[in-house]
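Please look over the sequence and the structure before reading on.

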Amino acid sequence: MAAMLMLLTVFGPLSMDLYLPVLPELARDLEAPASAAQLTVTACLIGLASGQLVAGPLSDRFGRRRPLIVGILAYIAASVLCAFSPGMTTLVLARFAQGLAGATGIVIAQASGRDVYEGGALIAFYARLTGLGGFAAIVGPLLGGQLARIMDWRGVFLVLAGIGVLLLMATLVIFTETHAPHRRTGVGAGTTLHNFVHLLGDRPFLCLVLVMGLVHAALFSYVAGATFILQETYGLSPQGYSYAFGVNSLGVIVFSQLGGRAARRWGERPVIGFGITVLAVSGLGLLAAGLLELPVAAVLIFLFALVAAVSATAPPLTALALGAHPEMAGTASSLLGMARYGFGGVAAPLVGLGGAGAVIPLGVLTVTVAALAALAAAAGHSRAQPST
């Protein structure tokens with residue numbers, strides 16, 4: 001069951017990363033600029049964000065299993081629609097639907113983990129979730145780069161539909177209900193609204209949500225911009241980009257585990273503060289790389305630092321936020337997911353403002369969100385401190 005929960009987290013990374021190596025080809029095939037191609041990334045991110053706001057409360061009301069099955073079925077249908085989209089407008093809408101459906105697996109994996117784990121075990125579980133996301137982020141571009149040898153971008157979306165079918169089969173066989181009936185919230189829009197108001201009125205929780213969204217704004221801007229930066233500016237092939245992206249994503253696996261262990265030893269908040277500091281340093285490095293025209297090796301180092309910083313902060317952020325609200329873990333998880341993917345969806349197109357291969361916009365954005373995240377973390381800690 002634990003393995004099943006972790007498998008559900010691949011919806012986000014694979015939906016984003018599997019087709020990144022063919023993103024420039026997609027833009028050429030549909031005769032669209034780089035910014036329009038990046039909009040397909042944004043649409044998926046917005047779908048992943050808004051879908052969690054629906055799936056989380058539904059799973060609190062009706063249990064985790066039934067909403068999950070419906071979400072996977074919708075994901076398969078949306079992936080097929082992406083594959084047969086005749087133009088950019090249809091593809092953007094289909095990508096939004098794909099993200100909307102895929103959000104179900106992500107939010108239910110987090111909420112189900114909170115159903116069955118507590119304390120240090122909960123932090124360790126979220127560290128494993130983040131690490132598996134990093135593994136999927138490695139496999140996604142690598143697999144996408146190899147798929148680009150034998151099929152076009154439409155075939156990649158059919159592969160995503162096939163992955164959805166496999167996950168549906170695994171869910172039907174393995175996934176058991178984790179949210180007992182006596183713990184479920186009442187049915188109705190009023191109850192859902194009350195739960196959202198309650199959570200958003202909790203200032204420490206709200207600040208954690210903001211930190212989660214801000215640091216992931218940098219991460220998803222990297223996801224959206226790196227393929228153009230590394231291929232268009234530095235001349236890497238789709239396969240070369242996928243290898244570089246895979247090496248960078250090793251940081252997600254390693255530093256999510258290190259972040260989880262450090263949080264269990266020293267507490268969540270020091271690890272969060274350290275991660276935000278490293279994120280700011282990586283942004284300054286990217287700015288320097290763009291202004292001084294540093295080689296690709298320097299850019300890869302700073303990109304590695306970026307993903308490492310975000311992955312180290314994610315487990316303690318999630319555990320700290322959900323640990324205080326076990327009775328509405330689905331709704332709380334949906335707000336965290338909304339911030340993660342919503343902020344990312346808004347920020348990702350900004351990287352393209354400086355052109356298809358500009359490093360400077362990514363550096364400016366990373367420094368900015370790191371500063372805002374530091375302010376949000378300080379505000380939440382100052383309010384939470386008297387009660388601890």
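## Charges and surface

The chain carries 19 positive and 14 negative side chains, with 10 Å between the centres of the two sets. Lys and Arg count as positive, Asp and Glu as negative, and His and the chain ends are not counted. Each charge is placed at NZ of Lys, CZ of Arg, CG of Asp or CD of Glu.

The accessible surface of the chain is about 14200 Å², and carbon and sulfur atoms hold 72% of it. Areas come from the Shrake-Rupley method with a 1.4 Å probe, and for residues only the protein chains shown count as cover.

## Basis of the values

The model is predicted: local features need pLDDT of at least 70 and side-chain atom pairs count only at pLDDT 80 or more, while totals for chains, interfaces and linings use all residues. Residues are numbered from 1 along each chain as its sequence is written, and side-chain values use heavy atoms, with hydrogens and water left out.

## Overall fold

The chain has 15 helices and zero strands; these are DSSP runs (helices H or I, at least four residues; strands E, at least two), numbered from the N terminus. The radius of gyration is 20 Å, close to the 21 Å from the globule rule for 388 residues, so the chain is as compact as a globular protein of that length. This radius is taken over C-alpha atoms, and the rule is 2.2 Å times the number of residues to the power 0.38.

Of the contacts with a separation of 6 or more, 87% are between residues 24 or more positions apart. Contact means heavy atoms within 4.5 Å.

## Core

Buried residues make up 58% of the 388 residues; buried means under 20% relative accessible area, exposed over 50%, and partly exposed in between (1.4 Å probe, protein chains only). The largest nonpolar core has 117 residues, and Tyr222, Leu279 and Leu306 have the most contacts inside it. Helix α10 (residues 203–233) gives the largest share of this core, 18 residues. Such a core is a set of buried Ala, Val, Leu, Ile, Met, Phe, Trp, Tyr and Cys residues joined through side-chain atoms within 4.5 Å.

Beyond its neighbours within four places in sequence, Tyr222 contacts Phe245, Asn248, Leu303, Leu306, Val307 and Leu362.

## Two single residues

Thr366 is in helix α15 (residues 360–384) and counts as buried, at 0% relative accessibility. Not counting residues up to four places away in sequence, Thr366 touches Ala218, Leu279, Ser282, Gly283, Leu286 and Leu306.

Ser237 lies in the loop between α10 and α11 (238–266) and is partly exposed, at 35% relative accessibility.
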